[in-house]
Amino acid sequence: MNNSPLITVYTQVYNTKESDLRTCIESVLNQTYQNIEYFILDNGGTDGSCAILKEYAKKDSRIKLYRFEQNKAGWRYVEISDKISGAYWTCLDSDDWMEPDYLECLLNFTLENDLDIAVCGTMFHVEETGQTVPRACEEDFVLNRSDYAQQFMYYHVFFRATWAKLIKSDIAKHDCQLRKEILYGGDTALCFEWLRLTKKIGVTSKVLHHYRVHPSSLSYRYDSLRFAADLA
């Protein structure tokens with residue numbers, strides 16, 4: 001690839017199972033596209049995660065490791081965003097993983113179509129049943145801002161989470177002011193704030209991201225506070 005912009009990858013860690021954490025980190029370090037900086041933020045972990053992160057940071061100079069002693073809910077990338085220097089940004093949850101060509105495919109798709117945000121498909125791995133369920137579109141599609149409203153039904157499902165996206169860093173670093181009533185689903189609200197800043201987006205049909213579905217996850221537990229958040 002002649003055009004090789006730096007890509008920032010961001011992972012936030014809090015007491016992640018060792019095997020899952022290692023799978024996550026190694027999927028980033030073993031990408032076919034190597035011009036990356038990998039920000040890993042230890043969000044006040046109390047298990048053995050910190051030692052694992054230090055181990056990888058010693059092995060690969062592309063890893064930039066930060067730790068907050070106090071755990072805090074929500075994404076904390078804004079707190080270190082001034083240190084990010086990549087032209088593009090993507091995030092990966094600490095128990096998920098990328099296909100080896102995740103970055104290469106999304107970057108090519110972005111550059112070929114002059115996109116502000118590129119999105120890929122996700123394979124969901126249901127821990128309880130061992131089932132795998134894809135979230136993907138049948139073919140690539142690209143939308144200009146003027147098409148967003150009419151085409152919302154085709155892309156809204158892909159904008160519910162911060163992962164599985166390659167985003168221009170000036171958009172990802174934008175300090176979006178979210179309403180206080182967003183107690184659940186803050187990542188969805190953030191993604192749609194990012195969408196407001198874009199002129200062109202695209203979704204590729206390639207399934208490049210893997211997501212573990214845990215039955216104990218906050219996303220799959222009943223909480224009455226979710227009603228107010230969904231309305232917001």
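Me: Hi! Before we zoom in, how many helices and strands are there in the protein chain?

Reply: Hello! The protein chain has 7 helices and 10 strands. Keep in mind that this is a predicted model.

Me: OK, on to H209. Where is it, and is it buried or exposed?

Reply: H209 sits in strand β10, which covers residues 200-213. H209 has a relative accessible area of 0%, so it is buried.

Me: What does the side chain of H209 have a polar contact with?

Reply: With the side chain of T122, at 3.0 Å.

Me: And which residues are in contact with H209, leaving aside its neighbours within four places in sequence?

Reply: Quite a list: L92, D96, W97, Y102, C120, G121, T122, M123, W163 and A164.

Me: What polar contacts does the side chain of T204 have?

Reply: Here are two. The side chains of T204 and D140 are joined by a polar contact of 3.2 Å. A polar atom of the T204 side chain also lies 3.3 Å from the backbone nitrogen of K206.

Me: Which residues does T204 touch, not counting those up to four places away in sequence?

Reply: T204 touches L106, F109, V119, C120, G121, C137 and D140.

Me: Let's switch to T110. Which helix is T110 found in?

Reply: T110 is in helix α3, residues 102-113. With a relative accessible area of 2%, T110 is buried.

Me: Which backbone oxygen lies 2.8 Å from a polar atom of the T110 side chain?

Reply: That of L106. Not counting residues up to four places away in sequence, T110 touches Y88, L115, A118 and L166.

Me: New topic: helices α1 and α2. At what angle do their axes cross?

Reply: At roughly 25°, and the axes come within 11 Å. Angles under 35 degrees count as roughly parallel, so α1 and α2 are roughly parallel to each other. The crossing of α1 past α2 is right-handed.

Me: Which residues meet there?

Reply: From α1 (residues 18-29), E18, L21, R22, I25, E26 and L29 meet S49, I52, L53, E55 and Y56 of α2. By class, this contact has 6 nonpolar, 1 polar and 4 charged residues.

Me: Last one, Y66. Which strand is it in?

Reply: Y66 has its place in strand β3, residues 63-68. Y66 counts as partly exposed, at 25% relative accessibility.

Me: How far is Y66 from I40 in sequence and in space?

Reply: They are 26 residues apart in sequence and 6.3 Å apart in space, C-alpha to C-alpha. Y66 also touches I40, along with F39, L41, D42, I80 and K83, when residues up to four places away in sequence are not counted.

Me: Great, thanks!

Terms used:
Residues numbered from 1 in each chain as written. Predicted model: local features only at pLDDT ≥ 70, side-chain atom pairs only at ≥ 80, totals over all residues. Heavy atoms only, no water. Helix = DSSP H or I, 4+ residues; strand = E, 2+ residues; numbered from the N terminus. Buried < 20%, exposed > 50% of the residue type's maximum accessible area, 1.4 Å probe, protein only. Polar contact = N/O pair within 3.5 Å; in protein donor to acceptor, adjacent residues only side chain to side chain. Contact = heavy atoms within 4.5 Å. Axes fitted to C-alpha atoms, helices over the stretch in contact; angles between N-to-C directions. Parallel < 35°, antiparallel > 145°, perpendicular 65-115°, else oblique. Left-handed = near helix turned anticlockwise from the far one by under 90°. Nonpolar A, V, L, I, M, F, W, Y, C, P; charged D, E, K, R; others polar.
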